[in-house]
Amino acid sequence: MQQHVIEIPFHETPCRIIIGRESLPSIGQHVLETHHSTQQSTSAAPPHAFIVSETIVYDLYGAQLCESLTRHKVKHTCCVLDRHDYGGSSESLKSYDALRAICEHALSSHITRDSILITLGGGVIGDVGGVAANLLLRGLPLIHVPTTLLAQVDSAIGGKTAINSRHGKNLIGTFYQPRRVVCDSATLTTLPQRHITAGYGEILKYACIKDEPFFQWLDQHATSLLQGEGRDILYAISHCAAMKADIVMHDEKEQGQRALLNLGHSFCHALEAANAFDESLLHGEGVLIGLLLAARLSVTLKHAPPSLEQRLYAHLERHQLLPEQLWTPATSLTTDTLLTCMQRDKKNRGNTMTLILMRAIGKAFIAPQCPIDPIRQTLDHYLTQQRTTPQ
Ligand code: NAD
Ligand code: MG
């Protein structure tokens, strides 16, 4: 079985990313190796894993994971969350209530500091499980088994963990690095098409940030990639994971270049917030729209030639990923609402905003003090376009 391995040599918690088809059945081996490298007590405690998952993913892949653990003689306990107990949406699992349920379940299972917490699921389970791993007994070794394309190329790597507050998304969280990230591309065969498209949004983002040749490759391979399986998707996951690893390795706590990973995200967050984080617009779909808006603004501000926007537009058009093919904004949505959401997003204050823009495909940069008027124009243009384009 061919596997791609990427090491992130963080000083405190080095992380190994394993990417392959059918890598899930080897999870027992990864737990044993992690157990040996992190064991705290001098008495040789037997390996124990505490699994955090949710019903949809666990029903599909829980048995495979548990079977591998049993084969490697790893005792394990499963905490499987049902979204219907927390509000009904996947995102509702990133809540205090779900976090509490995980922690109480772990403690009543008599975990020790040698227990390894495994998350099995998409970015939601990775984020809430990551917070729990950080908090329980002041930190359990963590292994992510991401099962969505978005989680495999993005959220499982880099150590951001979070739950949501009524004040906003991802506001309660920590940086906590996993020891291993085990990506099995075979799990993507069951992923709904919209979530493949959403993952593609983050993949395209990496190309736009710093890899023009990868953009060209995507232009040729996006059709097969968007079908969700095969060699192309494996290549794309490995390539993006390596890019994210490289960026976070040099800037673990987002004090500089890691911010580039937010390309397209300020626009995306505004659209998501204005849509009350409803699942009619998935994060990765918002990223695809946000990338196009960031390209347009870059051209308006003369950071880039018009060919930047044209190239990106042509790519999205060829693969049926244009904004109007992804999401229809409510007729009541106004530019002012979007602008207010953007200004509220993180650190933006006053009459300018710090955004990530592009000089060309593959040349993203941090643009401090972007003036508000051109941003308003970009949003205006977007909303007008959506209202005049037949769906
Ligand atoms: P998700 O976790 O909600 O999963 C999407 C849907 O797919 C869910 O309904 C889930 O049940 C289902 N699913 C998951 N794997 C499946 C599979 N293999 N087969 C069938 N169905 C499957 O969504 P996501 O897009 O993976 O993650 C989104 C979350 O990630 C957001 O909360 C976002 O804030 C977070 N995020 C975190 C980071 C980070 O750095 N920590 C980065 C990006 C996004
Ligand atoms: Mg994102």
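Trainee: Which residue forms a salt bridge with D154?
Mentor: K244 does, and the closest N and O atoms are 2.7 Å apart. A salt bridge here is a side-chain nitrogen of Lys or Arg within 4 Å of a carboxyl oxygen of Asp or Glu. Keep in mind that this is a predicted model, where local features need pLDDT of at least 70, side-chain atom pairs count only at pLDDT 80 or more, and totals for chains, interfaces and linings use all residues. Residues are numbered from 1 along each chain as written, chains are lettered from A and ligands numbered from 1 in written order, and side-chain values use heavy atoms, without hydrogens and water.

Trainee: Why do such side chains pair up at all?
Mentor: Opposite charges can pair when the charged atoms come close.

Trainee: Where do D154 and K244 lie?
Mentor: D154 is in helix α5 (residues 149–155) and K244 is in helix α8 (residues 231–250), so the pair ties together parts 90 residues apart in sequence. Helices (H or I, at least four residues) and strands (E, at least two) are DSSP runs, numbered from the N terminus.

Trainee: Are D154 and K244 buried or exposed?
Mentor: Both are buried. Buried means under 20% relative accessible area, exposed means over 50%, and partly exposed is in between (1.4 Å probe, protein chains only).

Trainee: How many salt bridges does the structure hold?
Mentor: It holds 18. One of them joins E254 and K160, at 2.6 Å from N to O. E254 sits in the loop between α8 and α9 (265–274), while K160 is in strand β7 (residues 160–165), 94 residues away. E254 is partly exposed at 22%, and K160 is partly exposed at 39%.

Trainee: Which residues are linked in a network of salt bridges?
Mentor: E91, K94, D127 and K169. Within it, E91 and K94 come to 3.7 Å between their closest N and O atoms. K94 is buried at 4%, but E91 is partly exposed at 22%.
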